[in-house]
Amino acid sequence: IYLTIETGKIQDCRIYGDFFTTGLLETIENKLIGCPYQLEVLNHLISPKDIDSVFVNISHEEFMSCLF
């Protein structure tokens, strides 16, 4: 996960990797752009349902650990 963070906010997000998806990565990327780079905020913004709708066999906790 590549993040561009300026003044504490996520300005850009790109997700790359060797994994299976069931949805569009842009769904997650677009949710992150413009948000404060704070665990509490992002933890509520990106729900387990969001992760399940895009990734195969990646938990919410695993995804969040990639952000921080």
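Predicted model: local features only at pLDDT ≥ 70, side-chain atom pairs only at ≥ 80, totals over all residues.

Me: Which side chain does the side chain of Asp50 join in a polar contact, and at what distance?

Reply: Residues are numbered from 1 along each chain as its sequence is written, and side-chain values use heavy atoms, with hydrogens and water left out. A polar contact is a pair of N or O atoms within 3.5 Å; within protein, one must be able to donate a hydrogen and the other to accept it, and residues adjacent in sequence count only if both atoms are side-chain atoms. The partner of Asp50 is Lys31, at 2.8 Å.

Me: Is Asp50 buried or exposed?

Reply: Asp50 belongs to helix 3, residues 48-54; helices (H or I, at least four residues) and strands (E, at least two) are DSSP runs, numbered from the N terminus. Buried means under 20% relative accessible area, exposed over 50%, and partly exposed in between, with a 1.4 Å probe and protein chains only. The relative accessibility of Asp50 is 16%, so Asp50 counts as buried.

Me: Which residues does Asp50 touch, not counting residues up to four places away in sequence?

Reply: Contact means heavy atoms within 4.5 Å. With residues up to four places away in sequence left out, Asp50 touches Ile28, Lys31 and Leu45.

Me: How many aromatic pairs are there?

Reply: Rings of Phe, Tyr and Trp (its six-membered ring) pair if their centres lie within 6.5 Å; planes under 30 degrees apart count as stacked, over 60 as edge-to-face and the rest as tilted. By this rule, the count is four.

Me: What is the angle between the planes of Tyr37 and Phe68?

Reply: Tyr37 sits in the loop between helix 1 (25-32) and helix 2 (39-45), and Phe68 in the segment after helix 4 (60-67), so their pair ties together parts that are 31 residues apart in sequence. Tyr37 is partly exposed at 27% relative accessible area, and Phe68 is partly exposed at 44%. Their rings are stacked, 4.5 Å centre to centre, and the angle between the planes is 20 degrees.

Me: Which residues form one aromatic cluster?

Reply: Let's start from the pair of Phe55 and Phe63, which is tilted, with 5.6 Å centre to centre and 35 degrees between the planes. Both Phe55 and Phe63 are buried. The cluster is made up of Phe19, Phe55 and Phe63.

Me: Why do the buried residues of helix 4 line one face of the helix?

Reply: An α-helix has 3.6 residues a turn, so residues three or four places apart point the same way. In helix 4 the buried residues are His60, Phe63, Met64 and Leu67. The arc is that of the directions from the helix axis to the C-beta atoms. Seen down the axis of helix 4, the buried residues line one face because they fall within an arc of 95 degrees.

Me: Which exposed residues does the face of helix 4 turned away from its buried side carry?

Reply: The buried residues of helix 4 pack against strand 1 (2-6), helix 1, helix 2 and helix 3. The face turned away from that buried side carries Glu61 and Cys66.

Me: How many disulfides does a search of the whole structure find?

Reply: A disulfide is a pair of cysteine sulfur atoms within 2.5 Å. The sulfur of Cys13 is 10 Å from the closest cysteine sulfur, that of Cys35, too far for a bond. For Cys66, the nearest cysteine sulfur is that of Cys13, 11 Å away. The search finds zero.

Me: Over how many bridges do strand 1 and strand 2 pair?

Reply: Two strands pair if DSSP finds at least two bridges between them. One of the bridges links Glu6 with its partner Lys9 in strand 2. Strand 1 and strand 2 (residues 9-14) pair in the antiparallel sense, and the number of bridges is five.

Me: What is the phi of Thr7, which is not a glycine?

Reply: Most residues other than glycine have a negative phi, and most peptide bonds are trans. Thr7 lies in the loop between strand 1 and strand 2 and is exposed, with a relative accessible area of 82%. Its phi is positive, at about 50 degrees.
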